[in-house]
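Take a moment to look over the model below. Then follow the chains piece by piece.

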Amino acid sequence: MNVSQTTFHTALLDPSQAVPGGLSDGLGQPAGSRFSVYRNNVAVSLTEALELSFPAIAKLLGEQNFKGLSGIFLRQHPPETPIMMQYGAAFPDFLAGIEQLSHIGYLPDVARLEQAVRVSYHSADATPIDPEDLQALAPDALASARFDLAPSVRLVRSSWPIHQIWAYNLEDGAPKPTGGAQDVLIHRPEFDPEVIPISPGTADFIAAMMRGEMLADANESAQAAHDTFDLSQALGLLLSAQAITHITTGDD
Amino acid sequence: MLDNSPKFPALPAAPGVGYKPQHFSDILNDAAPVEWLEIHAENYMGDGGRPIAQLRHLSEQFAISVHGVGLSIGGETELDADHLARLKHICNWLQPESFSEHLAWSTHDSHFLNDLLPLPYTKATLSRVADHIDQVQEVVGRQMLLENPSSYLAFDESTYAETEFLDEVAKRTGCGLLLDVNNVFVSATNLQIDPYAYIDAFPLARVGEIHLGGHDEETDDHGAPLLIDSHGREVADPVWTLLDYTLERSGVRPILIEWDANIPEWAELAAEAERAANALQKVPA
């Protein structure tokens with residue numbers, strides 16, 4: 001009896017299925033539990049890949065729950081690429097859809113934060129602008145400026161204190177989360193992503209600049225929504241984060 | 001179709017290790033007796049950041065072997081052209097001393113299963129694997145080494161012994177072979193064949209690299225030993241003995257220590273490499 005890869009694959013991902021016929025132990029006896037070695041390798045290796053990428057989620061859920069959820073996730077969303085550093089991009093949305101987890105409302109956003117950190121870690125290297133390039137702009141040019149941000153720069157917005165929860169689960173001595181919405185900027189000065197909470201106005205502004213809006217427009221809408229928004233502080237943050245790689249002004 | 005003549009290994013006939021980022025400073029500080037490093041290609045397919053910077057740095061001082069774990073050469077469907085292009089890209093910028101992949105499949109229905117899955121050794125498999133290797137060597141533009149798998153079960157439909165199958169693939173495609181001596185021991189134990197007879201039948205002249213790794217011991221439904229290729233501990237003593245037997249017949253070769261789970265301190269890994277260096281020294285010139 002011939003065993004197609006379709007048959008093998010289906011039985012591999014569904015432990016309730018019988019072991020395909022035509023597989024033996026080398027002496028003609030049915031393969032039996034030997035097939036489970038492959039089943040186990042697939043489940044364990046993919047669960048480990050997820051745990052490596054979502055350590056705070058693993059900690060929040062506990063080992064058993066994380067393993068159980070990974071087992072469901074990997075069957076619903078098997079990897080579509082051999083590049084394991086990309087596996088699990090759908091994990092945050094998957095967590096959001098699990099009814100039994102709905103009492104932990106912040107879980108999907110913490111997963112989105114971890115996903116953004118991972119993407120930042122592996123993103124392309126980029127050279128930031130010299131801060132003087134920005135400081136030297138005349139007022140008109142500054143108003144019309146649009147930024148290219150480094151590929152490692154990510155913004156995650158949440159109505160939960162995701163930075164506090166994330167830090168509390170991964171860093172020794174981090175304080176207990178106290179509640180409240182948090183927006184988070186991720187940037188990578190050299191090799192290690194830095195994760196910093198930012199004000200909602202700054203997040204509005206950066207989000208607008210990421211969409212390619214002109215600085216004056218981004219500033220205006222951030223000001224309108226948040227009267228405490230401080231443009232020079234936001235620009236100082238982007239410069240110190242080495243986040244800006246190119247400025248285009250109206251003259252360009 | 002590439003040149004069919006066996007090629008001398010481009011890696012030094014010395015110990016190498018599977019590179020782990022936690023050993024970066026140790027390696028730069030004092031790698032002895034390790035002379036070369038192997039990386040899993042898929043771990044260096046990001047756009048930038050530390051992994052690629054470290055690899056670039058290490059490649060200035062060490063010979064590098066690029067070992068793919070995701071191409072699914074034995075897959076029933078076409079090779080993933082995007083993945084093949086990524087392998088070509090890494091070989092282009094890194095210019096490694098060796099490039100290897102596995103006799104296995106891992107992708108089906110566009111789903112990657114992250115394991116090296118077994119193949120029946122039939123005419124149909126042979127022709128498919130040979131076509132895929134021709135394609136790989138053409139796209140990547142270099143000879144590849146094909147590694148023997150560790151097996152936990154056998155296919156009733158198989159008509160070739162694994163050694164015959166690998167020999168035939170190598171003859172048809174001109175590829176070299178990567179002989180994993182631990183895999184030989186694991187498969188031979190699991191399928192109750194003689195590992196020494198396997199080495200006797202293996203086309204050793206085509207071997208460009210040897211792998212060694214640790215395995216775990218379990219039992220099957222009938223209480224028979226079932227060894228698991230876990231790469232999570234030191235190489236077992238009978239595998240070292242099988243290595244000696246192999247080297248007596250093959251002559252010296254590059255030998256890699258694979259330790260991918262429960263990763264030890266550098267000193268423990270270097271001690272395994274030292275043992276490989278000793279095995280190489282015993283081989284008559």
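Which strands of chain A form an open sheet, and in what order? Three strands do, in the order β3-β4-β5 (chain A), and the pairing is antiparallel. Two strands count as paired if DSSP finds at least two bridges between them. Helices and strands themselves are DSSP runs, numbered from the N terminus: helices are H or I with at least four residues, strands are E with at least two. The edges of this sheet are β3 and β5 of chain A, each pairing on one side only. From one strand to the next, the twist averages 25°. Angles here run from 0 to 180 degrees between N-to-C directions, and axes are lines fitted to C-alpha atoms, for helices over the stretch in contact.

Before going further, note that this is a predicted model, in which local features need pLDDT of at least 70, side-chain atom pairs count only at pLDDT 80 or more, and totals for chains, interfaces and linings use all residues. Residues are numbered from 1 along each chain as its sequence is written, while chains are lettered from A and ligands numbered from 1 in the order in which they are written.

Now look inside the sheet. β4(A) and β5(A) run antiparallel and are joined by five bridges. There, Ile186(A) has Val195(A) in β5(A) as its bridge partner. Helix α9 (residues 162-170) of chain A lies across β3, β4 and β5 of chain A, at about 60° to β4(A). α10(A) also packs on the sheet, touching β3, β4 and β5 of chain A, and its direction makes about 135° with that of β3(A). Contact means that the C-beta atoms of two residues, placed from the backbone, lie within 7 Å.

Stay with α10 (residues 200-210) of chain A. Its buried residues include Phe205(A), Ile206(A) and Met209(A). Buried means that 20 or more other C-beta atoms lie within 10 Å of a residue's own; exposed means 12 or fewer, and partly exposed is in between, with C-beta atoms placed from the backbone. The buried residues of α10(A) pack against several elements, among them α11 (215-225) and α12 (231-240) of chain A. After α10(A) comes Gly212(A), with a positive phi near 90°.

Step back to the whole of chain A. Its domain assignment gives domain 1 (1-104) and domain 2 (123-252). Such bounds come from an automatic or database domain assignment. Taken over C-alpha atoms, the centres of the two domains are 38 Å apart. Helix α6 covers residues 107-122 of chain A. From first C-alpha to last it reaches 23 Å, close to the 22 Å expected at 1.5 Å a residue. That expected span is 1.5 Å times one less than the number of residues. In α6(A), 16 of 16 residues are buried.

One pair is β9 (residues 176-180) and β10 (residues 207-213) of chain B, held over four bridges. Here Leu179(B) stands opposite Ile210(B) in β10(B).

Finally, where do the chains meet? The contact takes 39 residues from chain B and 42 from chain A. On the side of chain B, β6(B) gives the most, with six residues. Strand β1 (residues 23-24) of chain A pairs with β8(B) in the antiparallel sense over two bridges. In that pairing, Leu23(A) stands opposite Phe155(B).
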